[in-house]
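Open the model in your viewer and keep the selection panel at hand. The stops below go from one selection to the next, with a note on what is found at each.

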Amino acid sequence: MKIRNFFLPTLREDPAEAETVSHKLLLRGGFIRKVASGIYNFLPIGLRTLKKIENIVRAEMNKAGALEIIMPLVQPAELWMETGRWQAYGKELLRFKDRKNHDFCLGPTHEEVITDLVRGEVKSYRDLPLILYQIAPKFRDEMRPRFGLMRAREFIMKDAYSFDANVEGLERSYQLMYETYHRIFEACGLNFKAVEAHTGAIGGDVSHEFMVLAETGEDTLANCEACGYASNVELTPAISGEKYPTEPRKPLEKVHTPNKKTARDVAEFLGLPLAKISKTLIYITEDGEAIAVVLRGDHELNEVKFEKALSGRSFRPATDEEIFSLTGAHPGSLGPRGLSIKVFVDQALKDFPNFVIGANEDDYHFLNANLGDTFDPHLIADLRKAKEGDLCPKCGNPLQFIKGIEVGHIFKLGTKYSSAMRATFLDRDGKEKPFIMGCYGIGVSRIISAAIEQNHDEKGIIFPWQIAPFHIGLISLTKERENHQEIYDHLSEDWEVLWDDRDERPGVKFNDMDLVGIPVQVILGKNLQERGEVEIKIRKTGERLQVSKENLKDSIENIEKALCQSS
């Protein structure tokens with residue numbers, strides 16, 4: 001492809017709207033253009049990379065025996081009402097009415113549609129197992145779409161669904177997809193990790209996320225180098241290796257703490273470590289129940305763990321007015337003693353002697369609080385976020401924390417959707433049973449952003465060979481074209497080549513090739529005319545090689561092998 005004939009509107013400056021590296025480079029490199037908040041056009045070079053990823057995903061899914069279909073983006077409300085998600089999903093579900101006043105939504109996911117399809121067509125255990133998948137647009141009306149393709153409202157997703165006759169079959173399907181996902185992300189040239197994860201709005205009992213490791217990732221992962229355990233921090237058990245000092249329980253003492261609104265303020269005022277100060281948070285559940293949560297001042301509430309403690313009920317922070325009505329005090333002076341509502345306590349306070357609590361009176365706290373003496377909680381549980389230095393739940397070694405970008409998520413759904421939608425089959429014993437389901441998603445368009453976050457420098461993108469829009473960037477620095485055309489035709493027999501044949505300054509050409517991240521640049525300058533040599537530049541390393549025209553293909557083949565092995 002000649003740049004003269006290609007639509008490649010590159011930008012020299014970072015767009016003001018872009019925050020992350022990938023968002024800036026995708027806009028600057030002419031990969032995408034914004035249509036509306038969280039909605040983008042894919043330009044030719046962006047579509048080439050998207051299709052590369054789609055083809056890798058499709059090849060591996062087909063190899064695993066999954067069958068490709070296409071389901072509609074527009075979905076009728078009736079299906080979502082069967083599962084209860086029409087009311088429960090939230091505002092991310094974009095709902096609308098058609099001209100006949102029927103309710104529809106734009107699909108953020110397709111569990112209801114696929115379950116409806118299979119319940120109408122599959123009647124016997126003989127037709128199982130079955131794995132169906134699609135690569136298609138999804139729409140989630142994100143409240144704060146940001147970071148370009150990383151958190152868009154409309155995006156391309158591969159979603160697959162497995163149907164089995166029993167739990168053992170689901171285990172096999174899940175493991176098959178787990179292994180397939182490893183092959184997909186390896187084939188994309190990504191550095192990634194599979195971690196245990198929260199099932200979230202999709203539901204089910206077990207799930208794993210596939211995370212591209214990058215310092216700019218939104219998610220924090222707990223990783224144990226000793227045994228290989230890994231999980232999203234929202235699911236990581238908080239196991240401290242800290243040993244509390246043995247000290248006698250002291251009498252409760254009320255102290256004045258004027259205008260101290262945070263645990264840190266109180267700690268500094270009293271001259272105590274932050275760990276000695278507890279904080280009490282008040283939440284209201286979806287059914288109106290008020291719950292107090294007590295943690296150490298240096299710990300943070302893990303909302304996923306708290307939701308599990310609430311048996312899956314959603315919750316929100318109480319307002320200042322609600323807090324005052326429940327406690328008689330304002331935030332900053334709250335404590336668990338004497339409350340008429342349920343009190344949940346993080347397990348880190350279980351054996352912690354003589355800690356500080358709010359007195360439920362503005363500007364006052366109690367010293368020397370102890371569980372069982374000062375107050376009796378309704379529940380003691382692991383409610384905090386794990387942090388650096390906490391111990392691995394499998395082997396007891398210290399955990400390390402790294403950042404990641406979620407690009408894939410797999411779930412064991414069980415009968416969550418099939419039971420709700422009465423999707424059943426006749427088993428070999430002649431009895432009607434619900435399908436045992438699994439769900440497997442990959443953010444195809446998000447992979448582009450994740451790959452860039454992991455592979456870039458100050459000049460631009462450094463695409464892995466496997467998903468680069470073109471393999472070779474051919475740069476003409478002289479006006480002699482016959483020889484250049486011959487080389488272009490020769491290289492195009494084996495690789496995808498973008499030929500910069502414009503009448504532009506060399507610096508402009510080099511900058512554009514670096515910006516869009518093509519792995520290998522072949523530079524045609526005076527040496528080609530004088531000595532029959534061309535220059536090769538490897539984008540990833542910056543290494544430059546002078547090779548003869550005759551050895552050009554062999555040299556690029558060796559570079560390709562090295563780049564694919566290193567990614």
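Contact here means heavy atoms within 4.5 Å. Helices (H or I, at least four residues) and strands (E, at least two) are DSSP runs, numbered from the N terminus. The model is predicted, with local features needing pLDDT of at least 70 and side-chain atom pairs counting only at pLDDT 80 or more, while totals for chains, interfaces and linings use all residues. Residues are numbered from 1 along each chain as its sequence is written, and side-chain values use heavy atoms, with hydrogens and water left out.

**Stop 1: α12 and α15**

Select residues 482–492, helix α12, and residues 552–566, helix α15; the two pack at an angle of about 45 degrees with their axes 11 Å apart. Axes are lines fitted to C-alpha atoms, for helices over the stretch in contact, and angles run from 0 to 180 degrees between N-to-C directions. That angle makes α12 oblique to α15. On this scale, angles under 35 degrees count as roughly parallel, over 145 as roughly antiparallel, 65 to 115 as roughly perpendicular and the rest as oblique.

Show side chains next. From α12, Ile487, His490 and Leu491 meet Leu552, Lys553 and Ile556 of α15. By class, the residues of this contact are four nonpolar, one polar and one charged. Ala, Val, Leu, Ile, Met, Phe, Trp, Tyr, Cys and Pro count as nonpolar, Asp, Glu, Lys and Arg as charged, and the others, Gly among them, as polar. The crossing of α12 and α15 is right-handed. A crossing is left-handed if the near helix is turned anticlockwise from the far one by less than a right angle, and right-handed if clockwise.

**Stop 2: α2 and its two partners**

Select helix α2, residues 44–63, together with helix α6, residues 167–187. Their axes are 9 Å apart and the packing angle is about 150 degrees, so α2 and α6 are roughly antiparallel to each other. This crossing is right-handed. On the α2 side, Ile56, Val57, Glu60 and Met61 take part, and they meet Met177, Thr180, Arg183, Ile184 and Ala187 in α6. The residues of this contact comprise six nonpolar, one polar and two charged.

The angle between α2 and α11 is about 110 degrees, and the axes are 9 Å apart. α2 is therefore roughly perpendicular to α11. The crossing of α2 and α11 is right-handed. Gly46, Thr49, Leu50, Ile53 and Glu54 of α2 make the contact with Val444, Ser445, Ile447 and Ile448 of α11. Five of the residues in the contact of α2 with α11 are nonpolar, three are polar and one is charged.

Leu47 is another residue of α2. Is Leu47 buried, partly exposed or exposed? Its relative accessible area is 37%, so Leu47 counts as partly exposed. Buried means under 20% relative accessible area, exposed over 50%, and partly exposed in between (1.4 Å probe, protein chains only). A distance drawn from Leu47 to Glu550, 503 residues apart along the chain, gives 33 Å between C-alpha atoms.

**Stop 3: α1**

Select residues 21–28, helix α1, which is mostly covered, with six of its eight residues buried. The buried residues are Ser22, His23, Leu25, Leu26, Leu27 and Arg28. They pack against β1 (32–36), β2 (39–42), α11, β25 (456–457), β26 (460–461) and α13 (506–516). Gly30 follows α1 and has a positive phi, near 75 degrees.

**Stop 4**

Go to Pro129, in the loop between α5 (111–121) and β7 (130–139). A cis peptide bond joins Leu128 and Pro129, with omega about 5 degrees.

Then select Phe147, in the loop between β7 and β8 (154–164). Phe147 is not a glycine, yet its phi is positive, about 65 degrees. Its relative accessibility is 16%, so Phe147 counts as buried.

Last, select Ser311, in the loop between α8 (303–309) and β16 (315–317). Ser311 also has a positive phi, of about 60 degrees, although it is not a glycine. At 68% relative accessibility, Ser311 counts as exposed.

**Stop 5: the whole chain**

Zoom out. The protein has 15 helices and 31 strands, and 52% of its 567 residues count as buried. Along the principal axes, the C-alpha atoms fill a box of roughly 95 × 70 × 50 Å.
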